[in-house]
Amino acid sequence: MSTLLEVRNLVKTYGEGEGEAETRVLKGLNLTLATGELSALLGPSGSGKSTLLSILGTLMQPTSGEHVMLGQDLTRAGDRDLTEFRNRHIGFVFQFHHLLPDFTALENVIFPAAVQAGRETAAARARGRELLVRVGLESRMDFLATKLSGGQKQRVAIARALMNQPELVLADEPTGNLDRASATQVMALIAEINQNEKTTFLISTHDEKIAETCRRRIRVADGKAE
Amino acid sequence: MLYGFKIALRYLTASKTQTGLLIAGVGVGVFVFVFMSALIGGLAVFLVQRTVGNIAHVTIEEPARDPISLLPQSAGALVVEQRATSQRTQLRTADAFLPLIDAMPGVAATSPQIVGNGFLVRGLITAPVGVTGVETAKVSAIADIGKALVDGSTDLGNASIIIGSTLAGDLGIGVGQVVRLQSDRGVERSLVVSGIFELGVDALDARAAFVSLSSARTLFDLPQGISRIEVKLDDLNQAEAYAARIAAETGLEATPWTAGNAQLLDGLRAQASSGNLIKAFALVTIIIGVASALLLSTYRRRPEIGIMRAMGAGRGFVIFVFVTQGALIGILGGLIGAGIGYAALSPFPVPELAPPGGLPVDVRQGAYGLAISLTAIGAILASILPARAAARVDPVSVIGQ
C-alpha cells in the first residue's frame, strides 16, 4: 500500500510566546499512514490525540516538524491552500456530530461539495442521496438535523465526511456519544466503507472494543506515537 | 457565491422572530429618515411658497449706469460724476428680449411692467400706494391675484384698478366704487375698483395696486419702454441659474429672488442641516442595530462557523454569508420602511395645497431611493465587523464546545 501521509518530528507547544506557561503536547511525534488503512488512535486524555488529529486535518499548524500528505508539504501552506486541501482530501467525523442545525440531512451531507462548487449541483445532490441511502437514512433525507436521533446524526456526519470522496477521514471519538448498538452500527459502516472504497480512517477513541475493530492501533503517550 | 446566499437566507429565516424584529427596527429607522426628508423638504416648499410664491423669481431691469470717470485712471486722481436722478431707468428694448425669455424652457411666465408710486385719494383720506402697470391678460402671472381675490374680478380696463384688502379697508371703498390715483409724476386719474385681493402679505395688501399697462403709461408719463420684466419659473430653485443666463443673453440686469431673501435662505439651510443631522442619527441607529444583532448571531453560531471552516469553507465564504445577511436586512428594512413611509405620507396634501396649520410634509420629497440605498450600504458596513469576527473563528477551539 502506498503512503498517504507522513509526519516527522511533530512538535506542538501551546502558550508559546503568549505570556502563558508553555505546554508541549506533541514531542517529536512520527507517524505514517498508508492508503486504505483503518487505524485506531488510542491514548489517555491529554496525551495529544486531539491535537494530532487537528494537525493532520490541517485545522492547526504544528510548532515544528514535517507534515506531508499526498506528496504535499502542508507545514508551510497558507490558510487558503489548507482550506482547499482539507475540503478536497480530508473528511471529519466529530464526537458530537456537529451538523448544521438549520439544514436538512441532505443539505448537511452535500455542504462540502456545495462550498467547493459555490452552489448545490444536481450531481452533488445525487451523491448526497446515494450516501444517505448507504448509511440507511433514505427516509430521513429531508429531516432537519435537529429532528434526528444521535445515531442518525452520526451517520449523517459520516456521509458528509465522505461527500467529496476524501482520501483520509479523521474521526474524533465518533461513537463516544452513542449507545452500544448505535456505536456498533457506526463502526460497521466505517469498516464497510474502508473495505469497499479504500478510504483511510484514523479513529481517535478511548474504547478498546472500538479499537479492536480496527486493523491497526496507534498509541499516543507522552506526546509520541507508539 | 450562490451557495453563500442560500446559507445567509437560511440563517435569517431560521430565527424568524429575531430577524423580523431586526428588520422592523431598520424599517423604523428608514421611516424616520423618509419622514424627516418629507417634512424638511415640505417645510422648505411651504415656506418658500408662502414667502416667495407671489413674487418674481427673476427681475430684469436696465442696469444702473456706472458713474463716468472724467479723468483716465492713470492720472493719479479720480473724479466722478454723481449718478443722474433726473432720468428714470427704463427698458427700451424689452420687446426684443421678451420672446427670447418667453421661449426659454422652464420659464412659466413673464410680465412686462411699469412701476411707480402715488397716492390713492378718496374724500379726505389719502393712502400711499405702489402701482404696478401690467398687461391685462397677465394680472396673475406673478402674484396669483386671481386666487387671492376676495371681491370683484381681475379684469383690468383702462379705467379700473385692483387693490389690496387692507388698502380698501383703509379707504373704506369696495368693488365698483371710484377712487382717484395721483402718481408721483403729477398725473391724476379717476379709476373704478374692479377687484380686491388679499395675498396675506401685509406690505402688498396695504400698499399694492394694479392698473393696466396703458393706464400706467399715462400715470407715469412713460409713452415708450417699461420699468422691468418679472419672470416666474417652473422651479424657483433655479432662479440664480436663470438670472445668470438671462443676463448673459440680454446684457440686462437680472436679479434672482434669492438676492433679496438671504435670511430666508439661511433659515432654510439651517433647517435642512437639522434634518440631515436627525437623518444621520437614524442611519447610525440602523448601523449599530444591525452590527450588534449580527455580532450576537456570530457568537451564537460559532460552533457552526467552526464546522463550516473544518468542512472547507474559506474565510471569504464566511464573510460573504454574514455580509449578505446584513445586506438583506438593510434592503428589506429599507424597502419596508420606505414603503410604510410613502403610505403614511400619501394622505397628506402637498405643501402647496396644505391648509393653514396643517403638517406641510411633502410625499414627493421622501428620498425613498436614497433612504434604501444608504440603509443597504450602512447595513453592509455594519455587518463587516461581525463578518470578520466570524471569519476569525478558530475551528479547533469551537468544535469541542
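Let's start with Asp362(B), which is buried at a relative accessible area of 1% (buried means under 20%, exposed over 50%, and partly exposed in between, using a 1.4 Å probe and protein chains only). This is a predicted model, so local features need pLDDT of at least 70 and side-chain atom pairs count only at pLDDT 80 or more, while totals for chains, interfaces and linings use all residues. Residues are numbered from 1 along each chain as its sequence is written, chains are lettered from A and ligands numbered from 1 in the order they are written, and side-chain values use heavy atoms, leaving out hydrogens and water.

Back to Asp362(B): its partner in a salt bridge is Arg364(B), with the closest N and O atoms 2.8 Å apart (a salt bridge is a side-chain nitrogen of Lys or Arg within 4 Å of a carboxyl oxygen of Asp or Glu). Side chains of opposite charge can pair like this when their charged atoms come close. Searching the whole structure turns up 24 salt bridges over all chains.

UniProt, in an unreviewed entry, lists residues 21-48, 277-296, 317-345 and 365-385 as "transmembrane region" (positions follow the numbering used here, feature names are shortened, and annotations may be inferred rather than shown by experiment). Residues 21-48 of chain B are 100% helix, with end C-alpha atoms 40 Å apart. Residues 277-296 of chain B are also 100% helix, and there the ends lie 28 Å apart. Helices here are DSSP runs of H or I with at least four residues, strands are runs of E with at least two, and both are numbered from the N terminus. The unreviewed entry also gives residues 280-394 of chain B as "domain: ABC3 transporter permease C-terminal", a stretch that is 74% helix and 0% strand. In the loop between helix H11 (315-345) and helix H12 (368-391) of chain B sits Ala367(B), whose phi is near 50°, a positive value in a residue other than glycine. Ala367(B) is partly exposed at 26%.

Now, how do the two chains meet? 23 residues of chain A are in contact with 25 residues of chain B (contact means heavy atoms within 4.5 Å). Between them they bury about 2300 Å², with carbon and sulfur atoms giving 64% of it; buried area is the accessible area (1.4 Å probe) that two parts lose on being put together, summed over both. Six salt bridges are counted between the chains, including one where Arg301(B) meets Asp102(A) at 2.8 Å, N to O. On the side of chain A that touches chain B, helix H2 (79-89) and helix H3 (105-117) each supply at least two residues. H3(A) gives the largest share, five residues.

Another bridge between the chains joins Lys6(B) and Glu120(A), again at 2.8 Å, N to O. Lys6(B) sits in helix H1 (residues 2-14) of chain B, and Glu120(A) in the loop between H3 and helix H4 (122-134) of chain A. Lys6(B) is partly exposed at 22%, whereas Glu120(A) is buried at 17%.

Within chain A, Glu130(A) and Arg127(A) form a salt bridge at 4.0 Å, N to O. They are three residues apart in helix H4 of chain A, so about one helical turn separates them. Glu130(A) is partly exposed at 44%, and Arg127(A) is buried at 14%. Finally, salt bridges that share partners tie Glu107(A), Glu120(A), Arg125(A), Lys6(B) and Arg10(B) into one network.
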